[in-house]
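Thank you all for making time this morning. I would like to take you through one structure, going from the chain as a whole to the space inside and then to the charged pairs.

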Amino acid sequence: MDCGTDERQYGHGGDGDAAEWKKVAELREVVEAQDPSAKEEDDFALRRFLRAREHNIKKASAMLLRYLAWKRVTMPHGFISDDEVRGEIAKGRDHHQGFDRLGRPMSYLYGGCHFPVRGDHEDLKRYVAYAFEKSCTRLSAGQEKFAAVIDLKGWGYANCDMRGYLAGLDIMQSYYPERVGRVLLIHVPYIFMAAWKMVYPFIDDKTKKKFVFVADRDLDATLRDAIDESQLPEEYGGKLKFQAYNNFSPSSKSI
């Protein structure tokens, strides 16, 4: 079966070549001249934005400047506290624990536990940013990517949230480029494909390759191929127990 793009050459940071690092330096010079706060971003961060825009300095600088402006508004203190998203955490629609065989932190999202809300989705967007930031803290040295399983068991029209999906997708693609290694979609009901067809055009070409639909007959083999039994949640036949008190695990790596 198609296992999607693991991007193993970049999965552990990748050394890059001299030409690429030269472009990183050029990008830094351009961006810092317009926004001095870029000095707080390391070269690996700049490289991710550069790679996301095919090493085009003009496009990468515009993307990075947009991120820096967003970060000032979204995280004025440099982070999002648990208290700011307590209500979203309580909904229990995701767990962030364990690692895959490439050492990438795993996230598990449950589509059947999410329901649309009225309004501007600001709480959801803040929580998505919070989740990405927390996942970044779980990255080990040399690792730049994380992976995810989206479990759609029980998903129905009542769970469909196009504005929420697009908001989350925009945050992922615009502000956390080159962070997602692979996303497995499992227990996918047929009716979900109607929603997927509406979201698909908004996914950039590189990101599209990272989403993999897993047939039920291939589920066990696919998960075990990607995740060691000790890191695979019990609900999928592994030995990992989710921590009930928090949907995020400590930022420790065991494999």
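What follows is a short walk through this model, which is a predicted one.

Let me begin with the chain overall, whose secondary structure comes to ten helices and five strands. Of its 255 residues, 49% are buried, and the accessible surface comes to about 13,000 Å², with 54% of that belonging to carbon and sulfur atoms. If we take the contacts between residues at least 6 apart in sequence, 77% of them join residues at least 24 apart.

A search of the whole structure finds three cavities of 30 Å³ or more, and the largest cavity has a volume of about 910 Å³. Its lining is made up of 34 residues, and those closest to the centre are Leu109, Val128, Ile150, Tyr165 and Gly168. Which element gives the largest share of that lining? That is α6, with six residues, although several other elements supply at least two residues each, among them β1, β2, α7 and α8. By class, the lining of the largest cavity has 25 nonpolar, seven polar and two charged residues.

I would also point out Thr207, which lies in helix α9, residues 205–208. Thr207 counts as buried because its relative accessible area is 9%, under the 20% cut-off, and, leaving aside its neighbours within four places in sequence, Thr207 is in contact with Met172 and Gln173.

In one of them, the side chains of Glu144 and Arg47 meet at 2.8 Å, N to O. Glu144 lies in the loop between α6 and β3, whereas Arg47 is in helix α3, so this pair ties together parts that are 97 residues apart in sequence. Are these two partners buried or exposed? Both Glu144 and Arg47 are buried.

A second bridge joins Arg66 and Asp170, at 3.5 Å, N to O, and links helix α4 with helix α7 across 104 residues. Here Arg66 counts as partly exposed, at 42% relative accessibility, and Asp170 does too, at 31%.

The last pair is Asp228 and Arg101, at 3.7 Å, N to O. Asp228 sits in the segment after α10 and Arg101 in the loop between β1 and β2, so parts 127 residues apart in sequence are tied together. Asp228 is partly exposed at 26%, as is Arg101 at 46%.

Finally, salt bridges that share partners join Glu20, Arg47, Arg48, Arg51 and Glu144 into one network.

Key: Residues are numbered from 1 along each chain as its sequence is written. This is a predicted model: local features need pLDDT of at least 70, side-chain atom pairs count only at pLDDT 80 or more; totals for chains, interfaces and linings use all residues. Side-chain values use heavy atoms; hydrogens and water are left out. On a 1 Å grid over the protein atoms alone, a cavity is a set of points where a 1.4 Å probe fits but cannot get out, and a pocket is an open set with protein on both sides within 12 Å along at least five of seven lines; lining residues have an atom within 4 Å of a point. Grid points are joined across faces, edges and corners, and a volume is the space filled by probe spheres set on the points. Helices (H or I, at least four residues) and strands (E, at least two) are DSSP runs, numbered from the N terminus. Ala, Val, Leu, Ile, Met, Phe, Trp, Tyr, Cys and Pro count as nonpolar, Asp, Glu, Lys and Arg as charged, and the others, Gly among them, as polar. Buried means under 20% relative accessible area, exposed over 50%, partly exposed in between (1.4 Å probe, protein chains only). Contact means heavy atoms within 4.5 Å. Accessible areas come from the Shrake-Rupley method with a 1.4 Å probe; for residues, only the protein chains shown count as cover. A salt bridge is a side-chain nitrogen of Lys or Arg within 4 Å of a carboxyl oxygen of Asp or Glu.
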